[in-house]
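Visitor: Please show me the model, and let me ask on what grounds each description of it rests.

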There are 2 protein chains.
Amino acid sequence: MSKSALHRGVGVALWRQIGDEIRRGIGNGLADESGRLPPEAELAARFGVNRHTVRAAIAALVHEGVLRSEQGRGTYVRRQKRLTYPIGARTRFSAGLEGQVRDRQIELLDHAREPANATVAAALGLEPAEEVIRLEMRGLADGVPVSRSTAWFRAAHFPDIADYFARTHSITRALALSGIRDYRRASTTIEARHADDTDTRDLRLSPGAIVLVARGINVDGSDKPIQYSQTRFSADRVELTVSAD
Amino acid sequence: MSKSALHRGVGVALWRQIGDEIRRGIGNGLADESGRLPPEAELAARFGVNRHTVRAAIAALVHEGVLRSEQGRGTYVRRQKRLTYPIGARTRFSAGLEGQVRDRQIELLDHAREPANATVAAALGLEPAEEVIRLEMRGLADGVPVSRSTAWFRAAHFPDIADYFARTHSITRALALSGIRDYRRASTTIEARHADDTDTRDLRLSPGAIVLVARGINVDGSDKPIQYSQTRFSADRVELTVSAD
DNA sequence: TCTAGTTGTCTAGATCAATAGACAAATTGA
DNA sequence: TCAATTTGTCTATTGATCTAGACAACTAGA
């Protein structure tokens with residue numbers, strides 16, 4: 001039994017402690033089979049706080065995408081299971097979530113034309129400081145941010161990639177408009193770290209959350225690098241599977 | 001470089017985040033050779049907060065026993081190194097800190113005569129529910145709590161152990177007054193867990209801190225168990241060394 | 001349709017957290 | 001002794017957090 005009373009006056013707000021406790025409690029018997037949480041009043045009694053304090057905790061988890069509240073019905077766990085992203089040669093950024101979510105979408109947050117830094121130049125096989133197009137994107141599944149990625153393309157070869165992406169909301173289709181009929185993932189490296197400020201903002205994470213970072217290079221039919229990208233996933237919401245393929 | 005900006009509006013007070021940051025920074029170049037921290041004004045500038053906020057963080061660490069502030073001089077790290085507790089056959093509760101601290105002391109917080117629970121009865125080789133004396137103690141090093149222990153003795157054999165301990169402030173001397181000339185540590189098991197409410201209160205820890213738990217049985221000259229004890233150490237302040245001895 | 005159960009919203013007050021500024025008190029080195 | 005540096009204390013203000021109570025809005029089942 002985990003002795004998990006709340007601590008007052010220690011610089012951590014009660015609603016955050018309760019939120020963490022609820023997040024931990026999910027998948028540990030707090031919600032019933034249907035994913036329904038106990039009513040707010042009961043949670044308030046259980047934690048020994050006011051109902052409004054529990055509501056603040058739930059609101060934070062709703063904002064994080066962990067819970068979903070329905071007036072008159074109750075509060076439900078949004079997804080009992082994590083999304084599974086396949087990683088393989090045929091990995092397409094937006095694909096691979098078939099059947100796991102009702103709605104998925106990629107937003108273009110920002111784009112720029114700029115000189116490549118050393119890492120990007122090396123990955124794409126460019127001259128130092130050659131110009132690249134950088135796209136900042138965010139992937140949403142059923143309205144919840146699950147991924148945040150940055151992709152670099154050689155500016156000389158893909159001058160209009162940002163426009164194409166903005167129109168099609170798809171890397172595959174944007175590349176097709178640029179004349180790339182097919183491409184494959186040459187390499188992917190995966191690491192995990194704590195969320196930084198950008199992650200907590202864009203993925204709506206709480207500080208201290210863990211992100212998975214996947215760095216990959218896509219190559220065209222003749223194995224020339226066309227895209228270098230770095231994608232951050234919320235480790236709470238996503239798991240990666242590496243397929244041979 | 002650890003990207004460790006402060007997070008506002010996430011239910012964790014800035015002073016706590018700063019306190020954690022300082023605690024982490026100690027032994028990582030934040031303090032100079034003499035153990036002196038940068039002045040409050042500089043820390044405030046570095047963290048981008050008001051000086052009072054830094055002061056709240058420092059006050060918490062002073063209360064925890066990590067820092068020591070001196071008006072006009074500066075704020076100093078209390079102990080750069082952790083205390084090392086030897087664990088071995090000849091381990092004496094209060095001993096083993098020779099040379100590491102100026103002043104050490106064991107307080108008797110509470111004592112009771114009560115039936116043994118299953119664990120204690122098994123450890124001491126007693127009949128179920130046979131009466132035992134339980135002592136609740138706290139060890140201080142230079143005024144800072146470093147250990148919190150509970151010890152059980154068979155009531156029939158050591159009826160006055162609490163009195164003796166209160167007089168002598170030493171288990172060894174209290175046992176001597178009870179007629180035990182010598183004893184040795186038959187077994188010790190060590191585990192680590194998060195601090196619970198009792199730990200945070202008695203050892204002045206912050207929630208989420210880690211405690212080392214050492215459970216041991218002391219036996220007399222003819223190998224009969226005379227004492228079962230469970231001691232919690234602040235993992236921040238103490239390390240244990242197991243000696244063959 | 002009615003009722004019980006549940007989430008959503010509003011008001012109000014108490015306490016905590018953070019900022020701002022000023023000055024006192026102690027220490028150190030010139 | 002004097003000036004600079006540093007911690008300690010005080011007042012005041014603003015916003016976040018927590019409590020308390022009341023009632024509206026919605027859902028589901030009798």
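Visitor: Why are helix 2 of chain B and helix 3 of chain B called roughly perpendicular to each other?

Guide: In this predicted model, helix 2 (residues 40–47) of chain B packs against helix 3 of chain B at an angle of about 105°, with their axes 8 Å apart. Angles of 65 to 115 degrees count as roughly perpendicular, whereas those under 35 are roughly parallel, those over 145 roughly antiparallel and the rest oblique. The two helices of chain B are therefore roughly perpendicular. Axes here are lines fitted to C-alpha atoms, for helices over the stretch in contact, and angles run from 0 to 180 degrees between N-to-C directions. Helices (H or I, at least four residues) and strands (E, at least two) are DSSP runs, numbered from the N terminus.

Visitor: Which residues in helix 2 of chain B meet helix 3 of chain B?

Guide: Glu40(B), Ala41(B), Leu43(B) and Ala44(B) of helix 2 meet Arg51(B), Val54(B), Arg55(B) and Ile58(B) of helix 3, where contact means heavy atoms within 4.5 Å. By class, this contact has 5 nonpolar, no polar and 3 charged residues. Ala, Val, Leu, Ile, Met, Phe, Trp, Tyr, Cys and Pro count as nonpolar, Asp, Glu, Lys and Arg as charged, and the others, Gly among them, as polar.

Visitor: What makes strand 4 and strand 7 of chain B edge strands?

Guide: Strand 4 (104–115) and strand 7 (184–194) of chain B each pair on one side only. Two strands pair if DSSP finds at least two bridges between them. The open sheet of chain B has 6 strands in the order 4-5-6-9-8-7, with antiparallel pairing. Neighbouring strands of this sheet are turned by 15° against each other on average, direction ignored.

Visitor: How many bridges join strand 5 and strand 6 of chain B?

Guide: Strand 5 (residues 131–141) and strand 6 (residues 144–154) of chain B pair over 10 bridges, in the antiparallel sense. Helix 5 (residues 161–168) of chain B lies across strand 4, strand 5 and strand 6, running at about 170° to strand 4.

Visitor: Which residues come nearest to DNA strand C?

Guide: Of the 25 residues around DNA strand C, Arg51(A), Leu14(B), Trp15(B), His52(B) and Thr53(B) come nearest; a residue is near if one of its heavy atoms lies within 4 Å. Sugar and phosphate account for 64% of the atoms of DNA strand C that come within 4 Å of the protein. Helix 3 of chain A gives the most to the surface near DNA strand C, with 3 residues.

Visitor: How far does a backbone N or O atom of Leu14(B) lie from a phosphate oxygen of DNA strand C?

Guide: That distance is 2.3 Å for Leu14(B), and for a backbone N or O atom of Asn50(B) the distance to a phosphate oxygen of DNA strand C is 3.0 Å. A polar contact is a pair of N or O atoms within 3.5 Å; within protein, one must be able to donate a hydrogen and the other to accept it, and residues adjacent in sequence count only if both atoms are side-chain atoms.

Visitor: Which side chains have an N or O atom by a base of DNA strand D?

Guide: Among them, the side chain of His52(A) has an N or O atom 2.3 Å from a base oxygen of DNA strand D, and that of Gln71(A) has one 3.0 Å from a base nitrogen. Helix 3 of chain B supplies the largest share of the surface near DNA strand D, 3 residues.

Visitor: What conventions apply to the numbering and the values?

Guide: Residues are numbered from 1 along each chain as its sequence is written, and chains are lettered from A and ligands numbered from 1 in the order in which they are written. Local features need pLDDT of at least 70 and side-chain atom pairs count only at pLDDT 80 or more, while totals for chains, interfaces and linings use all residues; side-chain values use heavy atoms, with hydrogens and water left out.
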